[in-house]
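Welcome! Have the sequence and the 3D view ready, and let us walk through them together.

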Amino acid sequence: LSWAPVHDEKIGHWIINIRGLRVGNEKLNFCDDGTCRAAVDTGTALLAVPPKIFRELFEELRHSPPPSGHCHGVGPQLHIELEHFTVTLGPKEYSQVRKTNR
């Protein structure tokens with residue numbers, strides 16, 4: 001269990017600072033300016049990102065599912081760097097199997 005300070009407790013949301021994002025060992029430069037924030041909502045299991053970074057992040061995280069068709073296979077890890085610790089999510093936590101035209 002780890003704690004991260006909220007950005008501004010007066011606004012009524014759990015908004016925390018994001019120091020950086022990595023997919024595997026590749027650092028994404030989206031948060032380099034120090035203004036990245038995230039709302040933490042225990043009522044949802046979804047991750048949302050600004051449209052500006054969606055395409056890059058989607059392509060970096062995209063991977064083929066194993067033949068069994070579940071998300072427990074090998075795929076890149078998403079690292080969310082917070083103030084004093086990093087949250088790491090694997091394919092099982094950030095993806096779902098969907099058919100594509102690819």
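## Before we start

A salt bridge is a side-chain nitrogen of Lys or Arg within 4 Å of a carboxyl oxygen of Asp or Glu. Keep that in mind, as we will meet this term again below.

This is a predicted model, in which local features need pLDDT of at least 70 and side-chain atom pairs count only at pLDDT 80 or more, while totals for chains, interfaces and linings use all residues. Residues are numbered from 1 along each chain as its sequence is written, and side-chain values use heavy atoms, with hydrogens and water left out.

## The overall layout

The protein has two helices and six strands. Both kinds of element are DSSP runs numbered from the N terminus: helices are H or I runs of at least four residues, and strands are E runs of at least two. Along the sequence, the order of elements reads β-β-β-β-α-β-β-α.

The protein has 102 residues, and 21% of them count as buried. Here, buried means under 20% relative accessible area, exposed means over 50%, and partly exposed lies in between (1.4 Å probe, protein chains only). The accessible surface comes to about 7900 Å², with 52% of it belonging to carbon and sulfur atoms. Such areas come from the Shrake-Rupley method with a 1.4 Å probe, and for residues only the protein chains shown count as cover.

How do parts of the chain meet? A contact means heavy atoms within 4.5 Å. Among contacts between residues at least 6 apart in sequence, 49% join residues at least 24 apart.

## Strands side by side

Two strands pair if DSSP finds at least two bridges between them. β5 pairs with β2 in the antiparallel sense over four bridges, and G20 stands opposite E81 in β5.

β5 also pairs with β6 (residues 86–89), again antiparallel and over four bridges. In this pairing, H79 stands opposite T88 in β6. A hairpin of four residues joins β5 to β6.

## The nonpolar core

A nonpolar core is a set of buried Ala, Val, Leu, Ile, Met, Phe, Trp, Tyr and Cys residues joined through side-chain atoms within 4.5 Å. The largest one here has 15 residues, and I18, L21, L57, L78 and I80 have the most contacts inside it. Helix α1 gives the most, with three residues.

Take a look at two of these core members. Leaving aside neighbours within four places in sequence, L78 is in contact with residues including L47, L57, V87 and Y94. I18 sits in the loop between β1 and β2 and is buried, with a relative accessible area of 11%. Not counting residues up to four places away in sequence, I18 touches C31, C36, R37, A38, I80, E81 and L82. How far apart in space are I18 and E81, C-alpha to C-alpha? They are 6.0 Å apart, although 63 residues separate them in sequence.

## Charged partners

Side chains of opposite charge can pair when their charged atoms come close. A search of the whole structure finds four salt bridges. In one of them, R22 pairs with E81, and the closest N and O atoms are 2.6 Å apart. This pair links distant parts of the chain, since R22 is in strand β2 and E81 in strand β5, 59 residues apart. R22 is partly exposed, at 22% relative accessibility.

E59 is partly exposed at 35% relative accessibility, whereas R55 is exposed at 52%. E59 also meets R62 in a salt bridge (3.5 Å, N to O). Shared partners join R55, E59 and R62 into one network of salt bridges.

## A patch on the surface

Patches are made of residues with over 30% relative accessible area and no salt bridge; like charges are joined within 9 Å, and nonpolar side chains (Val, Leu, Ile, Met, Phe, Trp, Tyr) within 5 Å. Which residues make the nonpolar surface patch of about 280 Å²? V6, W14 and V40 make it. V6 lies in the segment before β1 (15–17) and is partly exposed, with a relative accessible area of 33%.
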